[in-house]
Amino acid sequence: MTGGYGGSILRINLTDKKVVKEPTPDDLIRDYIGARGFIIRTLFKELAPGTDPLGPDAKFIMAAGPLTGLFVPSSGKIQTGGKSPLTGGYGEANSGGHFPEELKLAGYDMIILDGQSEKPCYIVIDDDEVKIEDAGELWGKGSFAVEETLKKNLGEDFQIASIGPAGEKLVKIACITHDFGRQAGRTGLGAVLGSKKVKAICLRGTKAIPVHDLEGLMKVGRRMYEQCFTNPAFELWQTYGTSAVVNWANRIGAFPTRNFRGGYFEQFTNISGPRMRKDIVVINKACYSCAMCCGKYSHAKTDKYDVYVEGPEYETTAMIGGDCALGNIKDVAYGNHLCDDYGIDTISGGSIIAFAIECFEKGIITEKDTGGLVLKFGDPESVFSLIKMIAMREGIGDVLAEGSKAAAEHFGADSIKFAMQVKGLEQSGYESRRAPAMLLSYMTSDIGAQHRPSWAVTHDIATGRDSAEGKAGKVIELQHTRPLFDTLGVCRLPWIEMQVPVADYAEAYRKATGIDYSEQDLISISERIWNLTRMFWVREVPGFGRASDIPPARVYEEKLTGGSTDGGILEREKIEAMLDDYYNLRGWTNDGIPTEQKLKELGLDWVNLP
Amino acid sequence: MKIGRDELRCTGCKTCQLICSLDHFKEHNPKKAAIGITGKFPAPGKYKISLCTQCEKCIEVCPTDAITNEAGIIKIDADKCNYCLVCVDECPFGAVFTHRDFEKPFICDVCGECVEICPTKALYWKE
């Protein structure tokens, strides 16, 4: 058995309740490394083209990587994947917490669910033993109550991943919640779990994760921890976590405000990291083996609500705070709590709500559509009500639950121009009209407008905020490096924020597995994975191509208002020029399709072009 | 020297458990750790750290006299231990641990690896 791996893949069919355990294949390990690589290879090979993402043949996958659970900083990361019900393309969401290492400790690298249970159920995986239990009264309950109940019944040492009511109701931005506030948030994979009638997956593992060279791994692991401990930004990061980004993003005019009409929120100091720390944070809360503890556990209490929540993280503050113009950190935290408990992604949720508010302001939707609700930016009640309506598919929430792209198509009146999404996935929290590389990152990300695969705002600042030239190369480099962390099953933040070198991760990988891949070898596999996810879109989405990479018209037709990026815009010609560069450098056609030659070069000659 | 606990600083990262298993059992297995981290969520939102304080309650209750205090370190004699687990039940700190791989419980030996790695100084040396 290869070191670093749990060693097995667990398949559970919810229709006939058949459970199969098989060894993790050597070629999968060799060619796709882990987590993200395992997911796309499995989907591409095993999912029939055109499968309904919410039908019985759809697959729901959770996969760890070879470094997950090991002695390297922040090794508690897992990838969740499937065909996205929101976008119809490649769906993937990343989550931290303590589910990731537990999967490996139970001896698994990947769990694959398919079929559909007749009755609501939950799955209990206790090392080798797998049971499917009747969900009974848990169905309909919020994520927090479900986790609390299951921990009480099974034991504190079980890790629980669950869906809220939104996942049950197949809301297309439904997430999976774990560890009282960690989310596999993006691309609506909570609805895939809901379609299978699986309320929760409970997991306990007690086995050791084998490694090839323990002493060697510990040596490099200690060096990586030391790099974190001695980094000048270590304490700042521990104190504020990602919320430290709020002040910076406003200063540079990249903070999404009022549905991305501006990049500066005039009340940002009320929702900033320092304000959050002072007003609501109870403790720092970390994922497994993480020194940085960016998680902040908070208590938001007013005369209207009294809730605990992990967060808000930067993205949530950007999308529920700035983008909906809520200028009170407690309101942002309460909105975060509602999203987590009902089980919707805060990024998509915040963006869709901001979109709906703008539609209301413009008269595209009225009180008749909202059931008498007056929608306003800056109004907490608008936000809280819409979260519930979306999650429960009540009234207009039923339309919004399909995502902003589908909602815009439903509302018409050119609202698609300001539905801030690419490929159907709502854009995360960086306004990018004066950050062309960041915009290109959103345009070409392999799940839709997400920052995880490439984040390039600082590159734009360093190389020219209005210049589109030379940006494509950097974006491609980032799209191979950042997702490598999602493939190895670790968090990228120690690399980005604490400057732990990629070479250390490559060394840790070699010590763990005994496979002699260089950093460049790993990056090459990352490119293979990137091209395979692209081909999944080509296969699954009719007419997929260049037009699928174009951002909403707001970006190239409307100037930004307010703050240091006031008046900023990114012309369509520049956008097209960046795409030309990008496709060219990637070895894709000018319609954005990988060529036969490129696929062959990457060992993907088994993939059929349309 | 004893190991002190500051639970308000604990983030639940469990790196202490990981290093404990690596140091004592040469394994990546935080379930084989002589320190316990238990989350108290959703409210009040904190972690409980369970760690031996050398209070000697286990020595007092052990029916086979298998447990001793040797220069500030609690030790369990494998030959004498009959795995009755009275020590586990009676420990006021929940700091006597078991794992199905072993036929005797295990207790912190104050090696201090967890103190060295703890990223937030939730574990520290005290007199």
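How many Å separate the centres of domain 1 of chain B and domain 2 of chain B, taken over C-alpha atoms? I found 19 Å between the two centres.

**Entry 1: ground rules**

I noted before anything else that this is a predicted model, in which local features need pLDDT of at least 70 and side-chain atom pairs count only at pLDDT 80 or more, while totals for chains, interfaces and linings use all residues. Residues are numbered from 1 along each chain as its sequence is written, chains are lettered from A and ligands numbered from 1 in the order in which they are written, and side-chain values use heavy atoms, with hydrogens and water left out.

**Entry 2: chain B as a whole**

I looked up the elements of chain B and found four helices and six strands, where helices (H or I, at least four residues) and strands (E, at least two) are DSSP runs numbered from the N terminus. Read from the N terminus on, their order is β-α-β-β-α-β-β-α-α-β.

For the overall dimensions I took the radius of gyration over C-alpha atoms, with the globule rule of 2.2 Å times the number of residues to the power 0.38. Chain B has 14 Å, which agrees with the value near 14 Å for a compact globule of 127 residues. Along the principal axes, the C-alpha atoms of chain B fill a box of roughly 40 × 30 × 25 Å.

I then turned to burial, where buried means under 20% relative accessible area, exposed over 50% and partly exposed in between (1.4 Å probe, protein chains only). Of the 127 residues in chain B, 48% are buried. The accessible surface of chain B, from the Shrake-Rupley method with a 1.4 Å probe, comes to about 6,000 Å², and carbon and sulfur atoms hold 49% of that surface.

With contact meaning heavy atoms within 4.5 Å, I found that 53% of the contacts in chain B with a separation of 6 or more are between residues 24 or more positions apart.

**Entry 3: domains**

Domain bounds here come from an automatic or database domain assignment. For chain B that assignment gives domain 1 (1-51 + 110-127) and domain 2 (52-107), and I saw that 14 residues of domain 1 of chain B are in contact with 15 residues of domain 2 of chain B.

Chain A is divided into domain 1 (8-204), domain 2 (233-425) and domain 3 (432-498 + 516-601). I looked up domain 1 and domain 3 of chain A, whose centres, taken over C-alpha atoms, are separated by 27 Å; 38 residues of domain 1 of chain A are in contact with 28 residues of domain 3 of chain A.

**Entry 4: N94(A)**

I placed N94(A) in strand β5 (residues 90-95) of chain A, where N94(A) is buried, with a relative accessible area of 14%. Leaving aside neighbours within four places in sequence, the contacts of N94(A) are K77(A), I78(A), Q79(A), Q183(A), A184(A), R452(A) and D486(A).

I checked helix α11 (residues 314-322) of chain A and found it mostly covered, with nine of its nine residues buried. Those buried residues include Y314(A), E315(A) and M319(A), and the buried residues of α11(A) pack against α9 (245-251), α12 (329-342), α13 (346-361) and α15 (380-392) of chain A. In the loop between β15 (306-310) and α11 of chain A sits P312(A), which a cis peptide bond joins to G311(A), with omega about 0°.

**Entry 5: other backbone features**

I found a cis peptide bond in chain B as well, joining A43(B) and P44(B) with omega about 5°; P44(B) lies in the loop between β2 (36-40) and β3 (46-50) of chain B.

I located K423(A) in the loop between β16 (421-422) and β17 (425-426) of chain A, and K423(A) is buried, with a relative accessible area of 9%.

**Entry 6: F106(B)**

I finished with F106(B), found in the loop between α3 (86-90) and α4 (113-117) of chain B and buried, with a relative accessible area of 10%. Not counting residues up to four places away in sequence, F106(B) touches several residues, among them F25(B), K32(B), I76(B), F97(B) and H99(B).
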